[in-house]
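Could you take me through this structure one feature at a time, giving the general idea and then the case at hand?

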Amino acid sequence: MIRFDKVFLRYDTGISLRDLNFTIEKDEFVYLYGDSGSGKSSILKMIYMDMFPNSGTVDVLGADSSNIKRRDIARIRQRIGMVFQDFHLLSDRDIYSNIALPLELQGIKADVVRSKVTLKADELGIRSRLSHYPHELSAGEQQRVALARAIVNSPDILLADEPIAHLDEKAAAEVVKYIWKIHQSGTSVVYATHNEALLKKDPARAMTLVSGEVVKDRQL
Ligand SMILES: Nc1ncnc2c1ncn2[C@@H]1O[C@H](COP(=O)(O)OP(=O)(O)O)[C@@H](O)[C@H]1O
Ligand SMILES: [Mg+2]
């Protein structure tokens with residue numbers, strides 16, 4: 001479902017990713033593990049088709065980075081959810097509208113939106129927060145809202161970019177638990193982290209990155 005083939009990515013500042021070759025199958029949970037600057041976020045952005053390789057190809061859900069059309073990018077992104085370390089919630093919308101946003105953008109009917117939003121809010125333990133605003137929630141709750149928004153469309157793939165970096169231990173553990181739950185319900189997860197303890201606690205396939213190269217790819 002995700003395939004990188006001889007991928008190189010260059011920023012103005014120089015080459016940052018070199019010769020990436022890997023496949024991620026449906027139903028996998030994969031860590032991108034490496035220090036800051038090793039290339040984790042850049043890989044997630046290429047999967048999201050927010051950036052394109054300078055050479056090589058990235059294939060995501062049957063779409064090929066070397067010839068995808070602009071309108072098809074939006075279609076692919078509807079099948080991918082993404083969460084970040086700083087939750088990216090809209091501060092002027094209440095929690096309900098934050099979660100509903102991806103559905104509203106697709107013109108889905110209000111009653112269908114309502115049932116999907118309440119279902120996901122229930123699953124993530126934030127149902128009682130729907131009429132609140134982001135600043136009224138704890139950091140852990142805000143990340144659960146971001147997760148609900150990311151999966152409200154039932155995506156095939158969830159991309160998580162250091163999602164617990166700004167959370168205390170208890171909130172972090174809870175968010176991680178929900179990400180695994182989402183995975184178990186049939187969503188592939190690509191999870192970027194520099195946190196070795198996390199890999200030990202919840203073992204999965206881990207691709208280790210050093211300076212833009214995959215130096216290890218193994219099942220923990
Ligand atoms: N917008 C950018 N412009 C220039 N260089 C960038 C940009 N984004 C990332 N880089 C460089 O690409 C490399 C990988 O960065 P990144 O993918 O953000 O790594 P990570 O997420 O692992 O911290 C780093 O050397 C970083 O400095
Ligand atoms: Mg990063």
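The dialogue below moves from the sheets to a helix, a pair of residues and the ligand.

Q: What should I know about numbering and about the kind of model before I start?
A: This is a predicted model, in which local features need pLDDT of at least 70 and side-chain atom pairs count only at pLDDT 80 or more, while totals for chains, interfaces and linings use all residues. Residues are numbered from 1 along each chain as its sequence is written, chains are lettered from A and ligands numbered from 1 in the order in which they are written, and side-chain values use heavy atoms, with hydrogens and water left out.

Q: How do I read a sheet, and in what order do the strands S2, S1, S4 and S5 stand?
A: Helices (H or I, at least four residues) and strands (E, at least two) are DSSP runs numbered from the N terminus, and two strands pair if DSSP finds at least two bridges between them. Here 4 strands make an open sheet in the order S2-S1-S4-S5, with antiparallel pairing. Strand S2 (14-24) and strand S5 (63-64) are at the edges with a single partner strand each, so one side of each has no neighbour in the sheet.

Q: Which residues can I use to find the pairings of S4 on screen?
A: S1 and S4 pair in the antiparallel sense over 5 bridges, and Phe-4 stands opposite Val-58 in S4. Strand S4 (residues 55-60) is joined to S5 by 2 bridges, again antiparallel, and there Asp-59 has Asp-64 in S5 as its bridge partner. S4 and S5 form a hairpin with 2 residues between them, and Leu-61 in the turn has a positive phi of about 50°.

Q: What is the order of the sheet with 6 strands?
A: The order is S6-S7-S8-S3-S9-S10, in an open sheet with mixed pairing. Strand S6 (80-83) and S10 are the edge strands, each pairing on one side only. The twist averages 15° from one strand to the next, where axes are lines fitted to C-alpha atoms (for helices over the stretch in contact) and angles run from 0 to 180 degrees between N-to-C directions. S6 and S7 pair in the parallel sense over 4 bridges, and Val-83 has Ala-160 in S7 as its bridge partner. H5 packs on the sheet, touching S6 and S7 (contact means heavy atoms within 4.5 Å), and its direction makes about 165° with that of S6. Strand S9 (residues 205-210) and strand S10 (residues 213-219) run antiparallel and are joined by 6 bridges.

Q: Which residues of H6 are buried?
A: Buried means under 20% relative accessible area, exposed over 50%, and partly exposed in between (1.4 Å probe, protein chains only). In H6 the buried residues include Ala-171, Val-175, Tyr-178 and Trp-180. Among the elements that cover the buried residues of H6 are helix H4 (110-123), helix H5 (139-151) and strand S8 (188-193).

Q: Is Arg-144 buried or exposed?
A: Arg-144, which is in helix H5, is buried, with a relative accessible area of 10%. Residues up to four places away in sequence aside, Arg-144 touches Leu-124, Gly-125, Ile-126, Glu-174, Val-175 and Tyr-178. Gly-125 lies in the loop between H4 and H5 and counts as partly exposed at 39% relative accessibility. Gly-125 and Arg-144 are 19 residues apart in sequence and 8.0 Å apart in space, C-alpha to C-alpha.

Q: Which residues surround ligand 1?
A: A residue is near a molecule if one of its heavy atoms lies within 4 Å of it. The residues around ligand 1 include Tyr-11, Thr-13, Ser-16, Asp-35, Gly-37 and Lys-40.

Q: What polar atoms lie by the oxygen and nitrogen atoms of ligand 1?
A: A polar contact is a pair of N or O atoms within 3.5 Å; within protein, one must be able to donate a hydrogen and the other to accept it, and residues adjacent in sequence count only if both atoms are side-chain atoms. A polar side-chain atom of Thr-13 lies 3.3 Å from a nitrogen atom of ligand 1. A polar backbone atom of Gly-37 is 2.6 Å from an oxygen atom of ligand 1, and an N or O atom in the side chain of Lys-40 is 2.8 Å from an oxygen atom of the ligand.
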